[in-house]
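Subject: Structure handover

Hello,

Here is the structure for you to pick up. My notes follow below it.

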Amino acid sequence: MFDLNSDTHRRYNPLTRTWVLCSPHRTERPWQGAQEDAPMEHKPTYDPKCYLCPGNPRAHGDVNPAYTSTYVFPNDFPALQKQVGSSSSSSGGGGGHAHRNNNNSIVEENDLFRVQAVRGECLVVCFSPRHDLTMAEMTVDDLLGVVQQWTASYRTMIPKEYIEYVQIFENKGAAMGCSNPHPHCQMWCMERIPVEPQRELESFQAYRETHSGRCLLCDYAKREIQQKVRVVVENASFVCVVPFWAVWPFEVLVIAKDHVQSLTRMSDPSQRDLADILRRVTCRYDNLFNCPFPYSMGIHQAPVRGNHDEAHLHLHFYPPLLRSATVRKFLVGFEMLGEPQRDITPEQAAERLRACSDIHYKHH
């Protein structure tokens, strides 16, 4: 009889309409590969050399105020520019002539080489003045301030006609390429919808058209809550699961229980519930291996412009750690050339995360 816990199989991701290969029988294989250095445990509450701490100068000479809660400022090294070339024609990168169409896209005559001009703004959001305080150790009240700041900053983009999408994300830890250890996230606000959220929006719409107008994530959240096997934590407004199609070993998906399109549509109690879920998820992450658990986290929501009732607010957490604080998963080889693959099943990962405490290991 086929067994999901021991037999090789593939799982379908309806959000991206892709597959992941599961090989649960490989969990016992010996590991002689690379190990990361153990993350630094002790950070000061204030670092005079940190570009993000209160009162310190940043790279270009601007000085941070003596902020006491969250702090937002334009990224000193933004990936997006507010202004790009405005000439009616431009030379392209494919050896031919390029021109701007009505959508401000630079499109070459040879369709194999296509370019789009992209304007935007990049913001940095410091979670708190403390250099050593990550989400995992913040209070719900403090994290509520972060959620409210995300929402307020999203609203500031609505009057800017060229902004189409706001991507909020956090890279925690050097393993995820974080260049500054002071807990913070970024908001990239751009005039194009990025590939991943666009793919999800298309999947939402396709699901609605084939399921009598229902929402993909509404249906999915209900089934996960009923089955419980992949649920990590939940409260009145959100459920956190290791998704059935997870790629990363301890990947989680945080889903709004109600059909909420964006942060700006949340009620005050839902904002607090999101803060609660963020604390409980990240605390469990740290408690899993008793270390500052690295991850990339991102919020997917409706674009700024247009009617996107198909959108459903959710958050992705993609952590790399696999076996311990020093052994991580790599997406290489078959996973780059074929499709993603995992060993530990999502059900096993959820069980381990559920067993972790809501109290941070530093405070036991």
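Start with Y285. Leaving out residues up to four places away in sequence, Y285 touches F250, E251, V252, F293, Y295, F317, P319 and L353. Bear in mind that this is a predicted model.

Y285 also belongs to the largest nonpolar core, which has 57 residues. Y285 is listed there among the residues with the most contacts inside the core, along with W150, V166, F250, V252, L278 and F317. Helix α4 gives the most to this core: eight residues. As background, nonpolar side chains in soluble globular proteins tend to be buried together.

Next, α4 itself. The helix covers residues 268-289, and Q271 is one of its residues. Is Q271 buried or exposed? Its relative accessibility is 8%, so Q271 counts as buried; the cut-off for buried is under 20%. Q271 touches L144, V147, Q148, T151 and M266, again not counting residues up to four places away in sequence.

That brings in helix α1, residues 140-157.

Now the surface. F330, V332, M336 and L337 make a nonpolar patch of about 460 Å². L337 lies in helix α5, residues 334-337. With a relative accessible area of 78%, L337 is exposed, because the cut-off for exposed is over 50%.

Last, the overall numbers:

- The secondary structure comes to six helices and 17 strands.
- Of the 364 residues in the protein, 51% are buried.
- Among contacts with a separation of 6 or more, 68% are between residues 24 or more positions apart.
- The accessible surface is about 17,500 Å², and carbon and sulfur atoms hold 52% of that.

Best wishes

Methods: Residues are numbered from 1 along each chain as its sequence is written. This is a predicted model: local features need pLDDT of at least 70, side-chain atom pairs count only at pLDDT 80 or more; totals for chains, interfaces and linings use all residues. Side-chain values use heavy atoms; hydrogens and water are left out. Helices (H or I, at least four residues) and strands (E, at least two) are DSSP runs, numbered from the N terminus. Buried means under 20% relative accessible area, exposed over 50%, partly exposed in between (1.4 Å probe, protein chains only). Contact means heavy atoms within 4.5 Å. The expected span of a helix is 1.5 Å times one less than its number of residues. Patches are made of residues with over 30% relative accessible area and no salt bridge: like charges are joined within 9 Å, nonpolar side chains (Val, Leu, Ile, Met, Phe, Trp, Tyr) within 5 Å. Accessible areas come from the Shrake-Rupley method with a 1.4 Å probe; for residues, only the protein chains shown count as cover. A salt bridge is a side-chain nitrogen of Lys or Arg within 4 Å of a carboxyl oxygen of Asp or Glu. A nonpolar core is a set of buried Ala, Val, Leu, Ile, Met, Phe, Trp, Tyr and Cys residues joined through side-chain atoms within 4.5 Å.
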